Amino acid sequence: MTFREKVLLIKRSVKTTNELDKGRVARIIAEKVLYTVQSFFHVFIVSNIIDMVASSKPWEETLTFTVITGLLELVIFIALQFLNRRVNSHKFTYDTNSRKALWEKIINMDYVHIEKPDTYIMHNRAMQGISKMEWFINNFLECAMGLVSVITGVIIIAPLAFRSTPNVSELSGFMRFISAPEGFLATAALVALIEITRGLYNTKRSYKYISEMNNNRDILQHTRTANYYMENITRNYRNGKDCRIYSEQELILNEYDSNVNNRINGYKKALGHIYEINLVIGFLMMAASIIIYSFAAARAITGLLTLGEIVGFVMYFSKIKFGVSNFTNGIGNMSVDIEFVQKAMDFLDIPDEKYQGTIPTEKRNDNEYEFEFKHVWFKYPSSEQYTLKDVNLKWKIGEKMALVGKNGCGKSTLVKLLCRLYDPTEGEITLNGIDIKKYKYEDYMALFSVVFQDSKLFSFSIAENVAASGEYEEEKVKDCVIRAGLGDRLSEMENGIETCLYKDFDEKGVEISGGEAQKLCLARAVYKGAPFIVLDEPTAALDPVSEHDIYTKFNGIVGTRTAIYISHRLSSCKFCDEITVMNEGTIAERGSHEELMEKKGIYSKLWSAQAEYYKDTAGELFA
């Protein structure tokens, strides 16, 4: 990373931090400035009081100085505590908003990124980076304040450092060198050299091992896997039944322990090297302190310093040393943190590549929307194999089409393309003759109500789940729930549509069955009122009779709107105007149930096999 790129990253970090918590950077700067003032002022007070006592100043003068300076230090202390409280009390705000920024990115990013495993690895790195961003800014300010401390310390200590003694000519050898200005300069240079060497050594070596640790894909994968078991298994109470019935506790805990141990071993290896580095750093720090104390003692022996000045000289010199240390350490820590922060920015900068379009969709009261696939080919970004191959398909106005075929033949992929979760690799999809990419994305998405086979409901109220919003029309929600077939269950609930689903946040929440959940998803699709409805195998977990019952009811709800019913159970789609059979990513057959049965092709074979399988439980459906 170039110097310019680093500067730009610092600027962006400051801007982002202030966006996450307004005024946070200003509070941190004020806190650090006040802390530096306090540390120097404290040295000034101590050294002067010692001198006043040692030189037998009048007690009134000493007391007055002590009281005034003590009150000033108290004011600084109170102001510092206030700032410290403000910074810490806003830490929760900063942390919450920083995580929210990453969640919002996931929620709003192009769907094509969501199904990529690398996206979750990037997200884990971004979580580390966003938490490191404040440290990054802190280290930058440490550099700045370290430089301020050095400059301030040099200005204060200069009169003591370059003071000459009348009997310097009587001194010889080492003591004469120490008493001369060049002795101070040489000592200061030696201490600075040690501190810079320590900082650079720490930076270079620590960065190497921390970077290796943070970029180790094995460690990242073990972290991701361990988090999966923690978040999606052990903390999800709905998994408790299977876990106990099949005694999966040992399997889960062993897998979790294996990943955690591998992760710990990876960290131990890197941290072991860092501890070795810290040992070297400790020796260098000790050496610098010994030099400072020895230099001050030697100057005191020559009579250049009073008792109070000895204390002040040592403490001011130490401030300069720590200033150099903070400066070099800040640079070193920034070089480590910068990689974390860059990962967070890389995640936030994942581009939305999907063309959003500019043409508003036509608002038609007659719902006359016509979709067409024209020579559409598609393969997923991480695959070399085409999932859809030269698909040509057209829906007539108000048509109800069934899309059937074996698992993996491309049915759900076709729906994802229709809803612009993905764009075709080749070919185009049109709405009323215009490429759907040209329509405003939000307008286009408003045309669809989709119930996927893995549709999700959340721990909100029934009304909020159905309306997908905190604001809703109560009567409309009730009507949709009843029409979806949940009227009887709703009447049993004390709080009606205000009842919370599940018990994650409400002990009075209700647990619903898989079939009831799918009916609520259907109610959500009805509530949206979109002109185009897709049911993507939402009842795959239900028995054939229940599935047929839901489809039949929903067929009446759909009315004149265009609809696609995707199912691997052919009996549930007999009522459709047209049935499209997919096979290995292509359109194999199209026609009505009777026409396809007469062809004696794929559909006929699938129908016969399923009719035989379900004849004892769903014979009435095949009449």
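## Around N407

N407 touches E537 and H568, leaving aside residues up to four places away in sequence. This is a predicted model. N407 sits in the loop between β3 (400-404) and α13 (411-418). Its relative accessible area is 65%. The cut-off for exposed is over 50%, so N407 is exposed. N407 and S567 are 160 residues apart in sequence, yet their C-alpha atoms are 9.6 Å apart in space.

## S149 in helix α6

S149 belongs to helix α6, which covers residues 117-161. Here the relative accessible area is 10%. Buried means under 20%, so S149 is buried. S149 touches T36, F40, K319 and G323, again not counting residues up to four places away in sequence.

## Helices α1 and α12

Helix α1 spans residues 3-20, and helix α12 spans residues 307-348. Their axes come within 11 Å and cross at roughly 65°. Angles of 65 to 115 degrees count as roughly perpendicular, and α1 and α12 are therefore described that way. The crossing of α1 past α12 is left-handed.

From α1, the contact uses K6, L9, I10, R12, S13 and T16. From α12, it uses M334, I338, V341, Q342, M345 and L348. Sorted by class, this contact has 7 nonpolar, 3 polar and 2 charged residues.

R12 is in helix α1, while D349 is in the loop between α12 and β1 (371-378), so the pair ties together parts 337 residues apart in sequence. D349 is partly exposed, at 39% relative accessible area. R12 is partly exposed too, at 31%.

## Other salt bridges

The whole structure holds 13 salt bridges. One of them joins the side chains of D423 and R420, at 3.0 Å, N to O. D423 is partly exposed, with 22% relative accessibility. R420 is buried, at 0%.

Another joins E475 and K478, at 3.9 Å, N to O. Both residues lie in helix α16 (residues 474-492). They are 3 residues apart, about one turn of the helix. E475 is exposed, at 56% relative accessibility, whereas K478 is partly exposed, at 31%.

Salt bridges also link D21, R24 and R27 in a network.

Conventions: Residues are numbered from 1 along each chain as its sequence is written. This is a predicted model: local features need pLDDT of at least 70, side-chain atom pairs count only at pLDDT 80 or more; totals for chains, interfaces and linings use all residues. Side-chain values use heavy atoms; hydrogens and water are left out. Axes are lines fitted to C-alpha atoms, for helices over the stretch in contact, and angles run from 0 to 180 degrees between N-to-C directions. Helices (H or I, at least four residues) and strands (E, at least two) are DSSP runs, numbered from the N terminus. Angles under 35 degrees count as roughly parallel, over 145 as roughly antiparallel, 65 to 115 as roughly perpendicular and the rest as oblique. A crossing is left-handed if the near helix is turned anticlockwise from the far one by less than a right angle, and right-handed if clockwise. Contact means heavy atoms within 4.5 Å. Ala, Val, Leu, Ile, Met, Phe, Trp, Tyr, Cys and Pro count as nonpolar, Asp, Glu, Lys and Arg as charged, and the others, Gly among them, as polar. Buried means under 20% relative accessible area, exposed over 50%, partly exposed in between (1.4 Å probe, protein chains only). A salt bridge is a side-chain nitrogen of Lys or Arg within 4 Å of a carboxyl oxygen of Asp or Glu.
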